Amino acid sequence: MTNSPIDPTRRLFVGTLALGLGGIVAGRGAAAQEAIPATPVGRPEPELESPPPEPLASRLGWAVAGLGDFAQGYVIPKGLGGARRAKLTGLVSGNRDKALKVAARQGVPEGSIYDYAMTGLADDASIDIVYVVTPNSTHQELAIRALEAGKHVMCEKPMANSSRECQRMIDAAKAADRRLMVAYRAHFEPSNVRVKEMIDAGEIGPITFASSDHHRPLDLSLPRDQWRAKRTIAGGGSLVDIGIYSLNGLIWFLGETPSRVCATLHSPPDDPRFAEVEDLMTAQLVFPSGARANISSSYSSNTKRIDLFGAKAVAKLDPATSYSGNRLTVSTPEANEQVVTKEPSEVQFSNEIDHLCEAISTGSAIRTPGEMGLRDVHIIHALYRSAAEGRWIDLNENGSAKDG
Ligand code: NDP
């Protein structure tokens, strides 16, 4: 593929590698000119591929609220464990015994373990930010409690189960003069970030059609999936849980909010997993530019992909939103190019945490603010209404339905 017609893509690809190797080559070149003794001796500062972490004392302190599957499997070890500007300094949990064990493993002082009342949190100067990683129906209450205690908040997706709850969270952040971010990790995942850069640089060409499918099995033997089958807790089924990645990702990549949506739902009638929430959701989105998209989600298959059909090339993220190993392929009729990023997918967890730290420290904009979470919840509700009423729903620019 040395004569690839996808020149811009190739340039990006080669540029990425050159960045990484350039530093190493320069470092090696300089060292090669010196005589290196065979005896133990100090050597110059190595040229690292990414900057070293900040000193612990100057990092922002994070408390994780809800010590479940995602918090213990990813947020604490990969997110906070890999962050350069953050450190884990507190825990919020309804299970004190579990919290004590996590605190002992992570070096969190017992005095910074809170229950969901969060009594005393306001006076705990070691905690700057609370990361809400609990079931969806609890996000509003916990986020507002943390904001009222003077802490910034990162909230898991979906932001909440209703647009009214999302708006209350946004209002509480404004009233407390604190920052509020929704943990849309794909915005910090290298392959997703790369394709967005390529779209913005015109390398994919205008996108007239896109499709995205997010499916995963729901297993009621797992505690993490039991609340997902309860409508009052989860707020919905596969759409709110993983279909939200299709919706949020396509809006980000296309750079516009849909103006019309139409959806259908289907659940196998005798499957106890779907007594309260939907299994399959399919939807069509129409964008103001005229672009169209198809999205689907279910709890009965397993895939996480996004296809973007541009006039110059088709960009395929498959998988698009996995925890690791996401892959970007850019295709023309002449060639398929896999675009390799310098950093692995796993940095998405720490990059989003460092992003909020930076926004707090410098006052810079948050890429995935509360308003984005609210927009997505508006559209999710329009999709449910469309499916229930069997018709297209017209949307305002903020994602809310035109007819209320
Ligand atoms: P889990 O069921 O594994 O963990 C949820 C934890 O929340 C529990 O362990 C418990 O922690 C606490 N909790 C508080 N109230 C309740 C309640 N009423 N019912 C159950 N648990 C409760 O869920 P997940 O970790 O899978 O999901 C948590 C959140 O993270 C959800 O909003 C989900 O959408 C999101 N998520 C995001 C992912 C992403 O990739 N961004 C991936 C997976 C989940 P304790 O015992 O400490 O009180």
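**Close-up views of the ligand site and backbone details**

View 1. At least three residues from each of domain 1 (56-183) and domain 2 (188-394) contribute to the shell around the ligand; the domain bounds come from an automatic or database domain assignment. This is a predicted model, in which local features need pLDDT of at least 70 and side-chain atom pairs count only at pLDDT 80 or more, while totals for chains, interfaces and linings use all residues. Residues are numbered from 1 along each chain as its sequence is written, and side-chain values use heavy atoms, with hydrogens and water left out.

**View 2. Who surrounds the ligand?** There are 23 residues around the ligand (a heavy atom within 4 Å), and D69, S93, K98, Y116 and R185 come nearest. The shell holds eight nonpolar, eight polar and seven charged residues (Ala, Val, Leu, Ile, Met, Phe, Trp, Tyr, Cys and Pro count as nonpolar; Asp, Glu, Lys and Arg as charged; the others, Gly among them, as polar).

View 3. For R185, a polar side-chain atom lies 2.6 Å from a ligand oxygen atom. D69 places a backbone N or O atom 2.7 Å from an oxygen atom of the ligand, and a polar backbone atom of F70 is 2.9 Å from a ligand oxygen atom. Of the 890 Å² of accessible area that the ligand has on its own, the protein covers 82% (Shrake-Rupley method, 1.4 Å probe).

View 4. Most residues other than glycine have a negative phi, and most peptide bonds are trans. K157 and P158 are joined by a cis peptide bond with omega about -15°. Another cis peptide bond, with omega about 0°, joins D318 and P319. M118, although not a glycine, has a positive phi of about 55°.

Definitions and conventions:
Polar contact = N/O pair within 3.5 Å; in protein donor to acceptor, adjacent residues only side chain to side chain.
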